[in-house]
Amino acid sequence: MKRLNVGMLGTGFMGRTHSNAFNQVKRFFDLPYDIVLKSCYSRDAEKLARFQKTWGYEKCETDWRKIVDDDEIDLIDVVTPNFLHKEMVVAAAKAGKMIICEKPLAMNYEEALEMEEAVKAAGVPSVVSFCYRRNPSVALFKQLIDENRIGRPFHYRATYNQDYTISKKVPVGGASLWRLDANVAGSGVTGDLLAHSIDCAEWLNGPIARVCAHTEIFIKERQNAVTGEATPITIDDACMFMAIFANGSLGLFESSRYARGRKNFNTMEMNGENGACYFNLEEPEYLQFFRYADPDTGKKIEDHLTGWQKILVTNSEHPYMNHYWVPGTVIGYEHYFINQLADFLLETSGGAPVYPVPTISDAVRVQKVCDAVLRSAREKTWVEL
Ligand code: SOE
C-alpha cells in the first residue's frame, strides 16, 4: 500500500464533492493506496473548522502554502475559485505533489500554458476534474463511438443551461457568487459550463478546428455582495457558438444561466451515418441510442427495429457499474467524482482505468477553445484553433 496524504485547497461545493470521493473511493474500487485526509485550507477559519470536522481531515490551515510545503502531503487537490488555480498548481508541481485541479483549469490560455509547463517540468501526475466523462451513460456514449456504432459523424450538439442568475437581485461576489465576477472566475458560462461541454465534445468527437460565437450579458450591473456597491458585470451570462470539428462534422453549443426552468441541463447529441446518441443530465442513468446500420458491414438493420432505444445504464457490463449495486439501481452525481478519482489512482499505480483521465494538457486544450470562443464573440468573427 502506498501512502496518499491529501491536502485539500478549498472548502466549497467542489471541496465537498472531492472530499466525499476520497472518503468513498476505496469502498468501491480496489486501490493500492492508504488514503488519509490530512489537511484542508480555507481563508475563512470558521467555515474551515466545520469542513474539517464534517469530512474528517486531521488538521487545517488558513495559509495554503503550509499545506503545499508540508513533506507529509502527497497530493494537492485545488478546488478554490478559478483565479487561485495557477499559483496553487504551479506551487504544488514545484513541490513534487500529485495534482487534482477543478475546471476551468485557469483564467485564460496563457495561465494554463504556464501551469502545464510547471507540471511537465516536475513530471507529476495530474487530473483536471471534467467529471461528466465519468457518468456511466457518457462513458457508454464513448464506447458506442469507439465501436463504430455512430459511424461517420455529421452533427454534434451540446447545451449546458441553468437559471440561477435571472433575478436582478442576485448579487455579484462573495463566497457563493464569485462565478459572476470576471476577476475571480475569468469568464462566465464559457469557462464554467461550456468547458464541460467542450471537454466531452472533444473526447467524443475529436478536436474542434474553428469556432464562431456570440455572448450576451443580460444584466449589466449588480450589487456587490461584499462591498454593497453597484458593480458592472463583465462575464458572459450566455454564450452560443458554432464549431467545425477537424473530422468535418458540424457542432452547435449553447449555454446560459438565464434558461428559466433549467437547473443543470447538460446535454450532448451526436448524429452519424450508422446511428446517433443522446445524453441528458436530467436523466443521468439513461443513454439514448438510435441504431441504423451494422457497425461492421454498414448494412442497414431491419426496418422495423430502427428507432430510439433508451438504455438504462445500470448493468454490470456498463462502464463503472460493476463497482456499485445490482442492475436496475442507479448511482448519482457524487459517483462521477468517485469514478474519476478511481481512474486517476488506478492510472498512477499501473492499474487499468475505465478510461484515461483528462490531464492538465487536455485541460489546456479546453482552455484554448474557451479563449477562442470568447475572442470570436469579441471580434465577431470565426477563430481558427
Ligand atoms: C455552477 O454553475 C456549477 O457548479 C459549475 O461550476 C459546475 O462545474 C457544474 O457542473 C454545475 O454547476
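Is Leu312 buried, partly exposed or exposed? Leu312 is partly exposed, because 14 other C-beta atoms lie within 10 Å; a residue is buried if 20 or more other C-beta atoms lie within 10 Å of its own, exposed if 12 or fewer, and partly exposed in between, with C-beta atoms placed from the backbone. The legends below concern a predicted model, in which local features need pLDDT of at least 70, side-chain atom pairs count only at pLDDT 80 or more, and totals for chains, interfaces and linings use all residues. Residues are numbered from 1 along each chain as its sequence is written.

Figure 1. Not counting residues up to four places away in sequence, Leu312 touches Glu285 and Tyr286; two residues are in contact if their C-beta atoms, placed from the backbone, lie within 7 Å. Thr329 is 17 residues from Leu312 in sequence, and the C-alpha to C-alpha separation of the pair is 9.5 Å.

**Figure 2. The two domains and the side of domain 1 that touches domain 2.** The chain is divided into domain 1 (2-131) and domain 2 (135-331 + 358-384), with bounds that come from an automatic or database domain assignment. A distance of 25 Å separates the C-alpha centres of domain 1 and domain 2. In domain 1, 21 residues are in contact with 22 residues of domain 2. On the side of domain 1 that touches domain 2, α5 (109-122) and β6 (126-129) each supply at least two residues, and the largest share, 6 residues, comes from α5. By class, this side of domain 1 has 16 nonpolar, 3 polar and 2 charged residues. Here Ala, Val, Leu, Ile, Met, Phe, Trp, Tyr, Cys and Pro count as nonpolar, Asp, Glu, Lys and Arg as charged, and the others, Gly among them, as polar.

**Figure 3. Met115 in helix α5.** Met115 counts as buried because it has 30 C-beta neighbours inside 10 Å. Not counting residues up to four places away in sequence, Met115 touches Lys86, Val89, Val90, Leu105, Ala106 and Ile360. Lys310 is 195 residues from Met115 in sequence and 41 Å from Met115 in space, C-alpha to C-alpha. In the loop between β5 (98-102) and α5 lies Pro104, which a cis peptide bond joins to Lys103, with omega about -15°.

**Figure 4. The largest nonpolar core.** This core has 101 residues, and those with the most contacts inside it are Val89, Ile99, Leu194 and Val373. A nonpolar core is a set of buried Ala, Val, Leu, Ile, Met, Phe, Trp, Tyr and Cys residues joined through C-beta atoms within 7 Å. Helix α10 (residues 360-379) contributes the largest share of this core, 10 residues. At least three residues are drawn from each of domain 1 and domain 2. Leaving aside neighbours within four places in sequence, Val373 is in contact with Thr190, Leu194, Val211, Ala213, Cys239 and Phe241.

**Figure 5. The shell around the ligand.** Phe13, Gln162, Arg179, Asp192, His196 and Asn264 surround the ligand; a residue is near a molecule or strand if its C-beta atom, placed from the backbone, lies within 6 Å of it. The shell divides into 1 nonpolar, 3 polar and 2 charged residues.

**Figure 6. Helix α9 and the loop between β16 and α9.** Helix α9 (residues 333-348) has 16 residues and reaches 24 Å from its first C-alpha to its last, close to the 22 Å expected at 1.5 Å a residue. The expected span of a helix is 1.5 Å times one less than its number of residues. α9 is mostly covered, with 13 of its 16 residues buried. Gly350, whose phi is positive, near 80°, follows α9. Tyr320 is found in the loop between β16 (308-312) and α9. Phi of Tyr320, a residue other than glycine, is positive, near 70°. Tyr320 is buried because 24 other C-beta atoms lie within 10 Å.

**Figure 7. Loop residues Asn148 and Gly96.** Asn148, in the loop between α6 (136-146) and β7 (153-161), has a positive phi near 65°. With 17 other C-beta atoms within 10 Å, Asn148 is partly exposed. Gly96, in the loop between α4 (85-94) and β5, is exposed, with 11 other C-beta atoms within 10 Å. Not counting residues up to four places away in sequence, Gly96 touches Ala122 and Val124. The C-alpha atoms of Gly96 and Pro125 are separated by 9.4 Å, with the two residues 29 apart along the chain.

Note on methods:
Helix = DSSP H or I, 4+ residues; strand = E, 2+ residues; numbered from the N terminus.
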